[in-house]
Amino acid sequence: MSTPQGTAADRARWRRYLADERAEAAVYRELAARRTGEEREILLALAAAEGRHEAHWLRLLGGDERSVPRADIRTRLLGALARRFGSIFVLALAQRAEARSPYASDPDATAAMAADERIHGEVVRGLASRGRRRLAGTFRAAVFGANDGLVSNLALVLGIGATGVPAPVVLFTGIAGLLAGALSMGAGEYVSVRSQRELLEASAPDPSAREALPDLDIDANELALVYRARGMEPDEAEEHAALVVARVHAVEQHPAPTDALGVAEHDDEAIGTGLSAALSSFCFFASGALIPVLPYLFGMSGLPAVLLATALVGIALLATGATVGLLSGASPMKRALRQLAIGLGAAAVTYVLGLAFGTTIG
């Protein structure tokens, strides 16, 4: 064991970094254990890089591993989530953790280590984006459905309740709003997603058109028009089309490349399916719309029911906002507060209008 370097404060900081690097490497290994193929290799490479950083701090400490603290709470939470779930949420959190690395301003960290951490953030962002694409269609419908249910039914319940009608009227109005909204959201989401998929499919070229490629005149290359129609510059389109036709002519009956006609493939995972989007939208709208009705469902009325419904919806809005923030790699707190402000703001306007309307009628 060599002699430790630096002051006591330096060594304390290095021990903290050492603990965090070990914990981050463990997170990546846990995630790798749940992956296969390329994703597994990438995660193991990230763990190896964290191991190099760990060796740097251990070298400055002279190999002294005594008094190494526990990793910070965020890194420990990442490790726990990785062990239990290994999900997209963990990658999104890891992306934020890499972005907060202090190495760029720490005099004892090397420039290579600081660069590693910045690049690690982009690597994790790329891995997380794969999961985001798989979730995108259904998750979008789920989030929009839940928030629409929470906000629209809270506004409906508060607006009707503020007019002074009896509690049973408020309850049945809320249930009617739940059913009508959920069915409308489900049907609308199904039509929207199906229409989007049909439009994209209509934009894809006819695969049978590739059969005409061997017979094209290389000197009057109509294929160039296809590439120009799809956005290429004229010179680039002519050059690319000539290359494709020449390649097809070079070997008889050789199939054209899959992108010979500039196929604009769409990401089915990102769009989602109409049925899955509709079911997600229906279920999440209904679950969101049920929350503001709960106090009336259990016999409450008046101001206590209003306050409890608002509080329950506020908690749910914070949860959905934080979830969106986590998945997008943004600040969960900012997204949660934004969701809360928008949702309760809309409900407050409706409640005030209900009060005014009830006073006018009275």
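Reader: Is Tyr17 buried or exposed?

Author: Buried means under 20% relative accessible area, exposed over 50%, partly exposed in between (1.4 Å probe, protein chains only). Tyr17 has a relative accessible area of 8%, so Tyr17 is buried. Trp57 is buried at 0%, and Tyr103 at 4%. The model is predicted: local features need pLDDT of at least 70, side-chain atom pairs 80 or more, while totals for chains, interfaces and linings use all residues. Residues are numbered from 1 along each chain as its sequence is written, and side-chain values use heavy atoms, without hydrogens and water.

Reader: Which residues form the aromatic cluster?

Author: Rings of Phe, Tyr and Trp (its six-membered ring) pair if their centres lie within 6.5 Å; planes under 30 degrees apart count as stacked, over 60 as edge-to-face and the rest as tilted. Tyr17, Trp57 and Tyr103 form one cluster. Tyr17 and Trp57 are tilted, 4.8 Å centre to centre with 45° between the planes. Tyr17 lies in helix α1 and Trp57 in helix α2, so this pair ties together parts 40 residues apart in sequence. Helices are DSSP runs (H or I, at least four residues), numbered from the N terminus. Tyr17 and Tyr103 are edge-to-face, at 5.4 Å and 80°.

Reader: At what angle do α1 and α2 pack?

Author: Two packed helices are described by the angle between their axes and the distance between the axes. Axes are lines fitted to C-alpha atoms over the stretch in contact, and angles run from 0 to 180 degrees between N-to-C directions. Helix α1 (residues 8-33) and helix α2 (residues 37-60) pack at about 165°, with axes 8 Å apart. That makes α1 roughly antiparallel to α2 (over 145 degrees).

Notes:
Helices (H or I, at least four residues) and strands (E, at least two) are DSSP runs, numbered from the N terminus. Angles under 35 degrees count as roughly parallel, over 145 as roughly antiparallel, 65 to 115 as roughly perpendicular and the rest as oblique.
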